[in-house]
Amino acid sequence: MNFATRLNNVETSAIRELFKLLGKPGIISFAGGFPDSAMFDVEGLKEAANKALTEEPGGALQYGATEGYEPLRTQLAAFMQSKGVKDIEPQGLIVTTGSQQALDLLGKTMISPGDKVIVEAPTFLATIQCFRLYGAELITAPVDANGVQTDKLEQLIAEHKPKFVYLIPTFGNPSGAMLSRERRMKVLEMAVKHQTLIVEDDPYGDLYFGEPPPPSILALSSQVPGSREWIAHCGSMSKVLSPGLRVGWLIGPPELLAKATMCKQFSDAHTSTFAQATAAQYLKSGRMPATLAKVRKVYAERAQAMGAALKKELGDAIEFTQPQGGLFFWARLTGAGGKLKDAGEFAKRAIEKGVAFVPGAPFYANDPDLSTLRLSFATADVAKIEEGVGRLGKALAGPQVE
Ligand code: PMP
């Protein structure tokens, strides 16, 4: 078939191939990017869905406004206010079908073929694919344990004059890194200085294990005059409440929201009103703080267990920074003791031993680091994590090939 030329810019992800193997019985998977289904507040959501249908069936089941269901916009504005975004109003955000759609709308509204966009190395795979589908040339900025390296980022902005910069500053997927407050302030200053749009993708910021992370770049924009008009922010209910609801949101300058709304209208008309009304009732019910506390506690225990097990079973053959939140460990095979350095080969051996993870290479838009890997600790309990990491140790201890 004669498909559109834009499809030439993307290919089916290598990760999908790996996922086909996950059906093997007995596999312990650290591969997914999913939250744990056991964390879903089913009772709370049942109540919320029920209320949505009884109190406002017209709103919950009828077509709705493209910008979003008003009671949900009101609740989301209050949720963002509680996270330090003081001046946000319901009209200052639009509801999207997951934050994935917010990213797609940013691509659709901002990227013409050949435009440059700066992303982190590594970054969220679906964003790489989505921006490439619109013909973006992706430029990569390096990341360390404190998030994107802002001095390098500023050089890249000055050199490439990108359409925008895409960052996942808090517990990024896959890096797990947290951008320091100091660097957040620098990002805001460079947004103003270079008049560059910064897209902050923040689906994991609420999943912290100890101290809360610094406020979002959006929240901090109130401290840097003139910066707010250069910030777009994507939020999501997926990792804290339920990804199946497909409720996300986009905050940004009014003219950007107007164009994104127009594009959304031609795409899905609006996000499911039933899902929106359910999410609105859920936020209104006041159950969210308890749900967040529970989810944080469980994931913190799992992250702790995975860090300890990796140290015990893989020792100096692997290096990583213990994540302070989110769902992921980002690690690098060191090759110490003549052990494997190639994470792709390691993934194949690991599957043979009954454990899965994702090699890091596909998360790089350019110049992949083949020694990297992503391990999710979200869906396996502590016993499974220990068993799975034990299997990783066995897979890495196997016969070596160079
Ligand atoms: N951004 C990042 C960084 C993600 O990891 C994900 C989900 N894995 C998304 C956006 C999309 O999430 P959703 O569409 O479910 O809100």
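**Close-up views of a predicted model**

**View A. The contact between helix 13 and helix 14.** Phe346, Arg349 and Ala350 of helix 13 meet Arg391, Leu392, Ala395 and Leu396 of helix 14; contact requires C-beta atoms, placed from the backbone, within 7 Å. This is a predicted model, in which local features need pLDDT of at least 70 and side-chain atom pairs count only at pLDDT 80 or more, whereas totals for chains, interfaces and linings use all residues. Residues are numbered from 1 along each chain as its sequence is written. The contact residues of helix 13 with helix 14 comprise five nonpolar, no polar and two charged (Ala, Val, Leu, Ile, Met, Phe, Trp, Tyr, Cys and Pro count as nonpolar, Asp, Glu, Lys and Arg as charged, and the others, Gly among them, as polar). Helices (H or I, at least four residues) and strands (E, at least two) are DSSP runs, numbered from the N terminus.

**View B. Packing geometry of helix 13 and helix 14.** Helix 13 (residues 343–352) packs on helix 14 (residues 382–397) at an angle of about 120°, and their axes are 9 Å apart. Axes are lines fitted to C-alpha atoms, for helices over the stretch in contact, and angles run from 0 to 180 degrees between N-to-C directions. Helix 13 and helix 14 are therefore oblique to each other (angles under 35 degrees count as roughly parallel, over 145 as roughly antiparallel, 65 to 115 as roughly perpendicular and the rest as oblique).

**View C. The pair formed by helix 5 and helix 6.** Helix 5 and helix 6 (residues 125–133) pack at an angle of about 30°, with axes 9 Å apart. Helix 5 is therefore roughly parallel to helix 6. Gln100, Leu103, Asp104 and Gly107 in helix 5 meet Ala126, Thr127, Cys130, Phe131 and Leu133 in helix 6. By class, the residues of this contact are five nonpolar, three polar and one charged.

**View D. The shell around the ligand.** The ligand is surrounded by 13 residues, the closest being Gly98, Gln100, Asn173, Ser236 and Ser238 (C-beta atom, placed from the backbone, within 6 Å). Helix 5 (residues 98–110) supplies the largest share of the shell, three residues. Four nonpolar, eight polar and one charged residues make up the shell.

View E. Eight strands form an open sheet of mixed pairing, in the order 2-9-8-7-6-3-4-5; strands pair if DSSP finds at least two bridges between them. Strand 2 (93–97) and strand 5 (147–148) are the edge strands, each pairing on one side only. Strand 6 (residues 164–167) runs parallel to strand 7 (residues 197–201), joined by four bridges.

Key. Two residues are in contact if their C-beta atoms, placed from the backbone, lie within 7 Å.
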